[in-house]
Amino acid sequence: MMIEYSKESQTFQLQTDNTSYIFQVLANGDLGQVYYGRKIHLKSNYHNLTTREIKDATVSWKVDQPDIQPDVLKHEYSVLGSGDFRFPAFQLTFANGSRVSEFKYVDYEINTGKQRLPGMPSTFDDTNDDVQTLTINLTDQLVGMDLQLHYSIFPHQDVIARSATFINHSNDQVVIDHAFSTEVDLPDANYDLIEFPGAWARERQLNRAALRLGYQGSGSLRNATSHQANPFMMIARHDTSEDFGEVYGFNLVYSGNFLNQVEVDQFQTTRILVGINPTEFAWNLGPGSQFQTPEAIQSYSNQGMNQLSQQLSDFYQDHIVNPRFSQQPRPTLVNNWEGTYFDFNEDKLMTIVNAAHKAGIEMFVLDDGWFGERNDDTTSLGDWFVDKNKFPNGIEHFVNQVHGLGMKFGLWVEPEMISKQSHLYEQHPEWMIQTPGRHQTPGRNQFVLDMTRPEVVDYLFKVLNQIITDTKLDYIKWDMNRYITEMYGIDLPANQQLEMGHRYILGVYDLYDRLIKSNPDVLFESCASGGGRFDLGMMYYAPQAWTSDDIDAAERMKIQYGTSYGYSLSMMGSHVSAVPNDITGRTIELSTRARVAYFGDFGYELDLAKLSDDELKQVAWQVEFYKRYRRLFQFGKFYRIESPFAGNVTSWQVVNDDQSLAIAGRYQLMNEPNSPYLRIKFKGLHPDKQYRINDSEEIFYGDELMNAGYFIPNILKTMKEQRLRTADFSSQLFVIKAI
Ligand code: DGJ
């Protein structure tokens, strides 16, 4: 049993293979947290862990229950207004204007498995992976409302998924002012907060800082999870490293405004709240209706951050990503965006397709500019009809040629957007999100469609479904290139305007769901000017995402390294760009560009027809190499070795399940003349297995490679042998094979 209930102490003990999560019903009917961390033995009572000292100068529940001091307790789903003065997990406003809730424990249910949440991305258990779901029922009798707290235990990946449902049985309207998805109250604050802030072209950079008193954390008010913040965060002990120490991970299965808030209080306890951002949110819960929060997932390891990332990655593939694609090898591709931008026609694209075919690339992706009259970014979004100037014979003619070569075909769309210069805008200006009478702020010359309107979603479904069918599409890149301004729903009453952000993203999910159900074999990639919506909500529908618009290999070391903490390799689209790179102006050897891009869903984003014969030969070799080890690069166990956030060198490694094959990449930024002797310590090998490295004559035991390390030949010398001018941005790949 993963969920044990002790009647004696009314304690719930949730156990995964390696962790315990314990909470209990308190004497006043509230739920109090007891413990979350490394697995401990089940007991009927944890007197010691639940002992409280009575504090002066704070309120107690009752005169005769002085030890129930809400501000001192660790709560399961905290409430404002009754003595816990920290930020609460939820807040409601009732018909009489009161904001005091009293949800008291009623009973619980345990079910096997995990059902999907309707209309929203969520965790699931399709594989009978020993999952159990606990629902705790609480009620507030005065106002006639129920609250359900859900806990799904995924034992083998050490993950717990949590969410809450508010049910209004009363005859009155209740306003949910905010409702987080999970709360964890830790008993001390000796932790670092590790987050992944960024910017466009510089997504998910590692940021680690010790917790301090007060509020900290990050979130988004951009109506997307954003480039600037990511819902994945970790709370780790100060000495936790990649391979040692305690670390908690949190993530939200959601793509809209979110908040990860960490509060260290007067007693040095730590409250963690993860969910929809309370700012710009409220939900009107009419009589008889209910509100379901998105799910948050939480996980713990006492073996460092590599272990945490690995268990999360396993979890995503089994319980978040569309099962049709979770283990499906992803095709190598060439995308024409940076190769042509808007300047292409069928003939020009065919030169790229033919070069790609020759090089063994499996898919061609036609990016922005194929529809309407879109020769730059000022027009046509919403007019999802082929541009006959670029494709005089129709798009099907072009696609047939691609398919005829045995290649797959992918297409770019940006469904949520509208250009003012478009037929769609002429016909339906009211479909654009706007606040009446206010200025309309463009972003990349474009505006946003109101995805809360069913007729908008219906229209998009119809036109996109038609394109998918007509072109026998294999893959869709769904882009979203601006954040929402002047958010307002012209059909919504004034008191529901704060529902817009959540309703918008539910509309996006609805469109995804309908397109996927009608076209189960089409692989979706999500994109938002690169990695502006790189989150688990998107990953539920689109198993992979465009990691960043920045394809410069040196920048990608950081972006991919940062992303790998909270996401799987197969989720990261990673391409080779032309040089000098369009964003950084940097020139990096083709070999290094590919060696960085191998670790993810590999492709090229350049005009292959412009490469020299030598370069094309190299590309063909790279594609062949990648295909040979594709499963490892996409689904292998990923280890971070040396961090680009710490210095000049980055290294990382993937290992297969039986530890018979591993590939490590090592990259340096600047060349260091007369450098010290260098060694790389590989990870995740079998200590007793014997390996060769890059077909070396010498044979190494795994324990030698992991503990003593592998001597790295002098890079400058090696480069000279290759007659290259500089060893800046040089790289090495180590293919480690058991004999
Ligand atoms: C932003 C994306 O991130 C790029 O890859 C490309 O698809 C452009 N949009 C096209 O407009």
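**Salt bridges and strands**

I began with Asp 343, which is exposed, with a relative accessible area of 55%; buried means under 20% relative accessible area, exposed over 50%, and partly exposed in between (1.4 Å probe, protein chains only). I kept in mind that this is a predicted model, where local features need pLDDT of at least 70 and side-chain atom pairs count only at pLDDT 80 or more, while totals for chains, interfaces and linings use all residues. Residues are numbered from 1 along each chain as its sequence is written, and side-chain values use heavy atoms, with hydrogens and water left out.

The side chain of Asp 343 meets that of Lys 348 in a salt bridge (3.7 Å, N to O); the term asks for a side-chain nitrogen of Lys or Arg within 4 Å of a carboxyl oxygen of Asp or Glu. I found Lys 348 partly exposed, at 29%.

How many salt bridges does the structure hold? I noted 32.

Next I looked at Arg 162 and Glu 76, whose side chains form a salt bridge at 3.5 Å, N to O. Arg 162 lies in strand E9 (residues 159-168) and Glu 76 in the loop between helix H1 (47-50) and strand E5 (90-93), so the pair ties together parts that are 86 residues apart in sequence. Helices (H or I, at least four residues) and strands (E, at least two) are DSSP runs, numbered from the N terminus. Are these two partners buried or exposed? Arg 162 is buried at 2%, and Glu 76 is buried at 0%.

I also checked Arg 586, which has a salt bridge to Asp 552 with the closest N and O atoms 3.0 Å apart. Here Arg 586 is partly exposed at 26%, whereas Asp 552 is buried at 2%.

I then traced a network of salt bridges linking Asp 84, Arg 86, Glu 183, Asp 185, Asp 265 and Arg 271.

My last stop was strand E17 (residues 270-276). Seven of its seven residues are buried, so E17 is largely enclosed by the rest of the structure. E17 pairs antiparallel with strand E10 (residues 174-186) over six bridges; two strands pair if DSSP finds at least two bridges between them. Strand E16 (residues 258-264) also pairs antiparallel with E17, over seven bridges. Gly 275 of E17 is the bridge partner of Phe 180 and of Leu 259. E16 and E17 form a hairpin with five residues between them, and Gln 268 in the turn has a positive phi of about 60°.
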